[in-house]
Amino acid sequence: MKRFIYILGLLILSLTSFSDALVQKNISLDIAQNLASEVLKEAKKEKVNISLVILDKGGNVVLSMKEDNAAVHTMKTAQKKAFTALSFGITTTEFASRVERVPNLTQIENTTTLGGGIPIKAGNETIGSIGIGGAPSGAIDEKIGSAALSRISNLLK
């Protein structure tokens, strides 16, 4: 009987702990696929061949793709852009401005100041990021990503 009461007590304690569990939003594969589809539409409008990488909240690659004629370096660049945007919760363009004030930030491995990395937010919470590489400028990469994100904003609530 004592053993039963002990096990019952542990069960109750564990259930109490679960009620305090942290709940976090994150990027799902479905959202990443919708976002990637919109990015490819925007890239086509801009007549550029791009690579894109979408990371979840933990920095894991949810989706990556390279268009047929995108340059060989664009995938690695897109990954660095996504990593930078996720790490700092700001666009890589904003990160470049921050680096002007704090140059040592460039010592953080896998970051880049090239435009085209954008945090993905649900409200004020960063839940993932996207990095786009391949346009003639980071400003165009960022424009493509921002337009695509605005079109799927209803999925990020």
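Analyst: The side chains of T74 and S51 make a polar contact at 2.7 Å, that is, a pair of N or O atoms within 3.5 Å, one able to donate a hydrogen and the other to accept it, where residues adjacent in sequence count only if both atoms are side-chain atoms. This is a predicted model, in which local features need pLDDT of at least 70 and side-chain atom pairs count only at pLDDT 80 or more, while totals for chains, interfaces and linings use all residues. Residues are numbered from 1 along each chain as its sequence is written, and side-chain values use heavy atoms, leaving out hydrogens and water.

User: Is T74 buried or exposed?

Analyst: T74 counts as buried because its relative accessibility is 1%, and buried means under 20% relative accessible area with a 1.4 Å probe, protein chains only. T74 is found in helix α3, residues 74–88; helices are DSSP runs of H or I with at least four residues, and strands are runs of E with at least two, numbered from the N terminus.

User: Changing topic, how do β1 and β2 pair?

Analyst: Strand β1 (residues 51–56) pairs with strand β2 (residues 61–66) in the antiparallel sense over five bridges; pairing requires at least two DSSP bridges. L55 stands opposite V61 in β2.

User: And which residue in that hairpin takes a positive phi?

Analyst: G59 does, with a phi near 85°, in the hairpin that has four residues between the strands.

Note on methods
Buried means under 20% relative accessible area, exposed over 50%, partly exposed in between (1.4 Å probe, protein chains only).
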